Amino acid sequence: MTATTAGHARSWYSERRWLGYAGLIPFIVCTAALMFANTAAWREVASDTLLNYSAVIASFLGAVHWGFAAGANGGSTVARLRWGVMPALIAWVLLAVAPVSLAFAGFAALFGLILIVDRYFLPVLDGAYRQMRLQLSGVVVIALAAAAVATYGAT
């Protein structure tokens, strides 16, 4: 590995790390607002924002499988394509028909499932990325579970 290649690899690892953790900000801020906001209006904004952001991120994580399938050959291509659309479809159902608290619980379960599927279907990912994803997903699941509790009984 040349010095340029090693520097590029460090830059890539650093970039994906800070971007990954920055992606937690909406989960944490919105969950905190749900738990501590003084007004129903702020809690509603936080709830809507968190539900929509959850759907976007779940869809993004599903789309990763389409990217891998586009460059792959073999038996897992069809499975990756099928799974790749599932997070978006599940998110759509949660947004469309689930009561708020149940939607948050559903998103918490969905992000746990996405992590499990990714660990199985994306074996090409390096150990540092897998560790980061475990941490990120853990925070997301905890935030969404807390949001479910905070909105329980809300209309």
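Eleven residues line the second largest pocket, and Arg43, Glu44, Ser47, Thr151 and Ala154 are those nearest its centre. Two elements, helix 3 and helix 6, each give two or more residues to this lining, and helix 3 has the largest share with five residues. Helices here are DSSP runs (H or I, at least four residues), numbered from the N terminus.

Before going on, a word on the model. It is predicted, so local features need pLDDT of at least 70 and side-chain atom pairs count only at pLDDT 80 or more, while totals for chains, interfaces and linings use all residues. Residues are numbered from 1 along each chain as its sequence is written, and side-chain values use heavy atoms, with hydrogens and water left out.

The pLDDT, which is the predictor's confidence in each residue from 0 to 100, averages 90 over the protein, and 89% of the residues score at least 70. Helix 2 (residues 25-36) has the highest confidence, at a mean of 97, and helix 1 (residues 3-22) the lowest, at 77.

**Pockets and a cavity**

Rolling a probe the size of a water molecule over the atoms shows where empty space is left. On a 1 Å grid over the protein atoms alone, a cavity is a set of points where a 1.4 Å probe fits but cannot get out; a pocket is an open set with protein on both sides within 12 Å along at least five of seven lines, and lining residues have an atom within 4 Å of a point. Grid points are joined across faces, edges and corners, and a volume is the space filled by probe spheres set on the points.

| Space | Volume | Residue classes in the lining |
|---|---|---|
| Largest pocket | about 510 Å³ | 16 nonpolar, three polar, three charged |
| Second largest pocket | about 180 Å³ | five nonpolar, three polar, three charged |
| Largest cavity | about 50 Å³ | four nonpolar, no polar, four charged |

In these classes, Ala, Val, Leu, Ile, Met, Phe, Trp, Tyr, Cys and Pro count as nonpolar, Asp, Glu, Lys and Arg as charged, and the others, Gly among them, as polar.

The largest pocket has 22 lining residues, and Gly20, Phe60, Leu61, Tyr129 and Leu136 are the closest to its centre. Helix 1, helix 3 (40-70) and helix 6 each contribute two or more residues to that lining, with helix 6 giving the most, six residues.

The count is one cavity of 30 Å³ or more. Around the largest cavity sit Leu115, Asp118, Arg119, Leu122, Leu125, Tyr129, Arg130 and Arg133. Helix 5 (100-121) and helix 6 (127-151) are the elements that supply two or more of these lining residues.

**Charges and surface**

Two salt bridges are present, each a side-chain nitrogen of Lys or Arg within 4 Å of a carboxyl oxygen of Asp or Glu. In one of them, Arg16 pairs with Asp126, and the closest N and O atoms are 2.7 Å apart. This pair links distant parts of the chain, with Arg16 in helix 1 and Asp126 in the loop between helix 5 and helix 6, 110 residues apart.

On the surface, Trp66, Leu81, Val85, Met86, Leu89, Trp92, Val93 and Val97 make up a nonpolar patch with about 760 Å² of accessible area together. Patch residues have over 30% relative accessible area and no salt bridge, with nonpolar side chains (Val, Leu, Ile, Met, Phe, Trp, Tyr) joined within 5 Å and like charges within 9 Å. Accessible areas come from the Shrake-Rupley method with a 1.4 Å probe, and for residues only the protein chains shown count as cover. Helix 4 (residues 76-97) gives the largest share of the patch, seven residues.
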